[in-house]
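Subject: Handover of a structure and notes on what was found

Dear colleague,

Please find below the structure that I am passing on to you.

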Amino acid sequence: MIKIEQDLATIIKNAVKKTFPEIPDNVIAESLSLEVPKEKKFGDFSANIAMKLSRELRKPPFEIAGSIIKNIEKSYSIQDVKVEKPGFINFYISNKAVAGALEDIIKEGAGFGVSTAGKNKKVQIEFVSANPTGPLTVAHGRQAAIGDSLARILKFCGYDVIKEYYVNDEGVQIQALGKSLRARYMELMGEKSDFPENGYKGKYIYDMAQKLKDSGVVERSSAPLSDDFFMEHATREIMKTIVKDLEDFGVHFDVWYSQKALAKSGKVEKAIDDLKKKEFLYEQDGATWFKSTGLGDDKDRVIIKSDGSYTYLTPDTAYHKEKFEKGYHRIINIWGPDHHGYINRIKAACQALGYDTEKLSILIAQLVTLYRDGKPVKMSTREGEFITLREVMDEVGRDAARFFFIMRRVESHLDFDLALAKTQTLDNPVYYIQYAHARISSIIEFSKDALPNLKNLVLLDKEQELDIVKAMMYYPKIIEAAASNLEPSILLTYLQDLAGLFHSYYNAYRIVTDDKPLTETRITLIQAVKKVIASGLGLLGVTALEKM
């Protein structure tokens, strides 16, 4: 919270106490918050405390707000204060206060916007977690960009964040992967082999088989060719590709959690036993069922099939049980759209085990449609026809890929225009922001004799200059909003707006003038803009370029 906001909060609190002394301090504190109005005509900050106190005081919010502003203390920070229906108290900040805010922003340096909201609370984010049955697709790329950006934002807000990847390295799909590799390998060796009905048909299977053949590993082995060999080899090779792709995408995980290791640990059986002791299991048709309907699910779920094998829900329940046992303040899962129906059943399992499911947030990253030459790119995972994350990175670059993947809200469908992402013009939104940063760097380099100067900030009296400072004032609130809403796109939109304000200002006024004090003051302003843009881009995992 910047100093202006702190001052306003204190002024409002004192006015409320003076107007309504019967309201306890804790109620005032809980009801007090300052928001940024969507429209400039409604001021720079707005408080809805009158609406929140309406029930307590049994009076209309508009009347309460009118009474409160009569006791608003005069302050250099406030140019004007107005009440708008149904009871908003809107504050208009003075130019002098805006100059003071810019000074605060500059003095805080790289720490500007850092929040203590997290207070070292432990948060785990599990994302991507793609089955190691093929390379990462564009859908996984979106999940990676969202998860990593969110982790960076939460860390910036003081949270102790653990990034985790759950490796599905056992089960029917992994068995099908091993059989697919075996079939392609046998083909290359000139031997007949039936391709599995549920096998993976992508070219990457051929490439892996060819690489295995060329290595001579199988020929040198005296052991018979087992399905397990091909299954383990394929899983290991694909995981290497996944790790490399993620690293090149700027995503590094703290934990790689193996489902196979979980299965060997006895924790799955312990989770089943706990559900049984809590009387959430029953037998029917030779299978073991979980009573999930009473916990928000639309039907009961099988956890042990009639043949004794587990369903997907069973190890996932044990995995989430371990998450809660580690004592995380918040657990965040980022899943693909095909998992939407899975939310209620996993939350039901966690609730049945006695855990607080309010701590568990599950985000669904919606589908990505790639467009090339104005037409959607056709993809079919089943037939092995898909665009990989690596291909997108190679085509548009890491920065553009990360940026475009989070351009829309997490639960909104994303249209990714490959041609636009490659364009080196201001029509490209990531280029638009990076160019603002590079343009400022160029101006600063050009004006080496004009050093930043805090003595004459009141010279910033143009409306566009004041709007830029006010936009930067809101940066800490934007960061906290992105963190609390688990929505990196909030920050991305803010950076677009800030870059737009700068470009407009640059086109309207000369930064470097014959007036040295004015030049130094404007250099001070744009240096602050540069720092905020660099900070925000860093939180999105996008490079702040010095030259373009």
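**The chain as a whole**

Please bear in mind that this is a predicted model. The protein chain holds 22 helices and 15 strands. Its C-alpha trace spans about 85 × 60 × 40 Å along the principal axes. Of the 548 residues in the chain, 52% are buried. Among the contacts with a separation of 6 or more, 72% are between residues 24 or more positions apart.

Strand 11, which covers residues 330–335, pairs with strand 12 in the parallel sense over 5 bridges.

Another open sheet has 4 strands in the order 1-2-4-3, with antiparallel pairing. Here the edges are strand 1 (34–35) and strand 3 (78–84), each pairing on one side only.

Strand 4 (residues 88–93) pairs with strand 2 in the antiparallel sense over 3 bridges. Two residue pairs mark this pairing: Ala-47 has Ile-89 of strand 4 as its bridge partner, and Ser-46 has Asn-90 of strand 4. Strand 4 also pairs with strand 3, again in the antiparallel sense, over 6 bridges. In this second pairing, Ile-78 stands opposite Ile-93 of strand 4. Strands 3 and 4 form a hairpin, with 3 residues between them. Strand 4 is mostly covered, as 5 of its 6 residues are buried.

As background, strands of a sheet pair through backbone hydrogen bonds, either parallel or antiparallel.

Helix 15 covers residues 389–396, and its buried residues are Leu-389, Val-392, Met-393 and Val-396. Seen down the helix axis, these buried residues fall within an arc of 100°, so they line one face of helix 15. The buried residues of helix 15 pack against several elements: helix 6 (138–156), helix 10 (227–248), strand 13 (368–372), helix 16 (398–405), strand 15 (414–417) and helix 17 (418–422). Just after helix 15 comes Gly-397, which takes a positive phi of about 95°.

Helix 19 (residues 463–473) has 9 of its 11 residues buried, so the helix is largely enclosed by the rest of the structure. The buried residues of helix 19 are Glu-465, Leu-466, Asp-467, Ile-468, Val-469, Lys-470, Ala-471, Met-472 and Met-473. They pack against helix 1 (3–19), strand 2 (45–47), helix 5 (95–108), helix 20 (475–484), helix 21 (489–508) and helix 22 (516–539). Strand 2, one of the elements that helix 19 packs against, belongs to the antiparallel sheet described above.

**Cavities**

How many cavities of 30 Å³ or more are there? The count comes to 3. The largest cavity holds about 50 Å³ of space. Its lining is made up of Val-268, Ala-271, Ile-272, Leu-275, Phe-290, Ile-303, Leu-313, Thr-314, Thr-317 and Ala-349. Helix 12 (267–277) and helix 13 (313–325) are the elements that give two or more residues to this lining. The largest share, 4 residues, comes from helix 12.

**A loop residue**

Finally, His-340 sits in the loop between strand 11 and helix 14 (343–352). Is His-340 buried, partly exposed or exposed? Its relative accessibility is 47%, so His-340 counts as partly exposed. Ile-205 lies 135 residues away from His-340 along the chain, and the C-alpha atoms of the two are separated by 29 Å.

With kind regards

Technical notes:
Residues are numbered from 1 along each chain as its sequence is written. This is a predicted model: local features need pLDDT of at least 70, side-chain atom pairs count only at pLDDT 80 or more; totals for chains, interfaces and linings use all residues. Side-chain values use heavy atoms; hydrogens and water are left out. Buried means under 20% relative accessible area, exposed over 50%, partly exposed in between (1.4 Å probe, protein chains only). The arc is that of the directions from the helix axis to the C-beta atoms. Contact means heavy atoms within 4.5 Å. Two strands pair if DSSP finds at least two bridges between them. On a 1 Å grid over the protein atoms alone, a cavity is a set of points where a 1.4 Å probe fits but cannot get out, and a pocket is an open set with protein on both sides within 12 Å along at least five of seven lines; lining residues have an atom within 4 Å of a point. Grid points are joined across faces, edges and corners, and a volume is the space filled by probe spheres set on the points.
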